[in-house]
Amino acid sequence: MNTPNNKRRKQSLDKIHRVFIELLQTNALDKITVSQICKNTGLNRSTFYANFLDIYDLADKTRHILENEFSNLFADYDYFNEQTGAEKMFEHIKENQIFYKTYFKLCYDSSHLISMYDPRRAELELDSKDIKYHIEFFRNGLNAIIKLWLENGCQESPTQMAEILKMEYKGR
């Protein structure tokens, strides 16, 4: 029986997500097929379609899982101590490079990007009319730094990356 919390169903979903992430490392999203995923997982197409509408639905659901994992990492984060929070974030990225490379590949519409941004801090430092611009600038700048760091194999330490981020805000 295909019940939502069934152990076998969960194992099948884990296989599908794992194979999908592996395929994304060497293929563009639009080049990955349901047939490839079924062949590599040893599962039937009916199992795939019982859980996903298509590859893009799988991509969206995978991205959602990755976003939740990232959010959980910062559930107890002190946004007013950016040095330790930034180091924690960069350490997690370095330890989980494939995870983050996959996440950025799944952000094909660029509306879902990593952000450890807390508007409470902006409200204290900025005029309310400028917050939306600051949020967009911060989010896109942070993501650009992370992407570049990942592309270069995370050569700098998490502490160095936290310092780079801090330097961008020097004098604020």
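Me: Which residues of α8 are buried?
Reply: The buried ones in α8 are Ile131, His134, Ile135, Phe138, Leu142, Asn143, Ile146, Trp149 and Leu150. They cover an arc of only 150° around the axis, so they sit on the same side of α8. Buried means under 20% relative accessible area, exposed over 50%, and partly exposed in between, with a 1.4 Å probe and protein chains only. The arc is that of the directions from the helix axis to the C-beta atoms.

Me: Where is confidence lowest, and where highest?
Reply: Helix α7 (residues 119-125) is lowest, with a mean of 67, while helix α2 (residues 34-41) is highest, at 96. Where pLDDT is low, the predicted coordinates should not be read in detail.

Me: Back to α8. Which exposed residues are on the face turned away from its buried side?
Reply: Lys132, Tyr133, Phe137 and Glu151 are the exposed residues there.

Me: How far apart are the end C-alpha atoms of α8?
Reply: They are 30 Å apart, which agrees with the 30 Å that the 21 residues of α8 (residues 131-151) should span at 1.5 Å a residue. The expected span is 1.5 Å times one less than the number of residues. Helices (H or I, at least four residues) and strands (E, at least two) are DSSP runs, numbered from the N terminus.

Me: What follows α8?
Reply: Gly153 does, with a positive phi near 75°. Cys154 lies in the loop between α8 and α9 (158-168). Phi of Cys154 is positive too, near 55°, in a residue other than glycine. Most residues other than glycine have a negative phi.

Me: Is Cys154 buried or exposed?
Reply: Cys154 is buried, with a relative accessible area of 3%.

Me: Let's switch to α2. Which of its residues are buried?
Reply: Val34, Ile37, Cys38 and Thr41. They cover an arc of only 95° around the axis, so they are on the same side of α2. What covers them includes α1 (7-24), α3 and α4 (55-73). After α2 comes Gly42, whose phi is positive, near 75°.

Me: What about Asn51, which helix is that in?
Reply: Asn51 is in helix α3 (residues 45-51), and at 10% relative accessibility Asn51 counts as buried. The side chains of Asn51 and Arg9 are joined by a polar contact of 2.8 Å. A polar contact is a pair of N or O atoms within 3.5 Å; within protein, one must be able to donate a hydrogen and the other to accept it, and residues adjacent in sequence count only if both atoms are side-chain atoms.

Me: How many aromatic pairs are there in the whole structure?
Reply: A search finds 5. Phe99 and Tyr100 have ring centres 4.6 Å apart and planes at 70°, so that pair is edge-to-face. Rings of Phe, Tyr and Trp (its six-membered ring) pair if their centres lie within 6.5 Å; planes under 30 degrees apart count as stacked, over 60 as edge-to-face and the rest as tilted. Phe99 and Tyr100 are both buried.

Key: Residues are numbered from 1 along each chain as its sequence is written. This is a predicted model: local features need pLDDT of at least 70, side-chain atom pairs count only at pLDDT 80 or more; totals for chains, interfaces and linings use all residues. Side-chain values use heavy atoms; hydrogens and water are left out. pLDDT is the predictor's confidence in each residue, from 0 to 100. Contact means heavy atoms within 4.5 Å.
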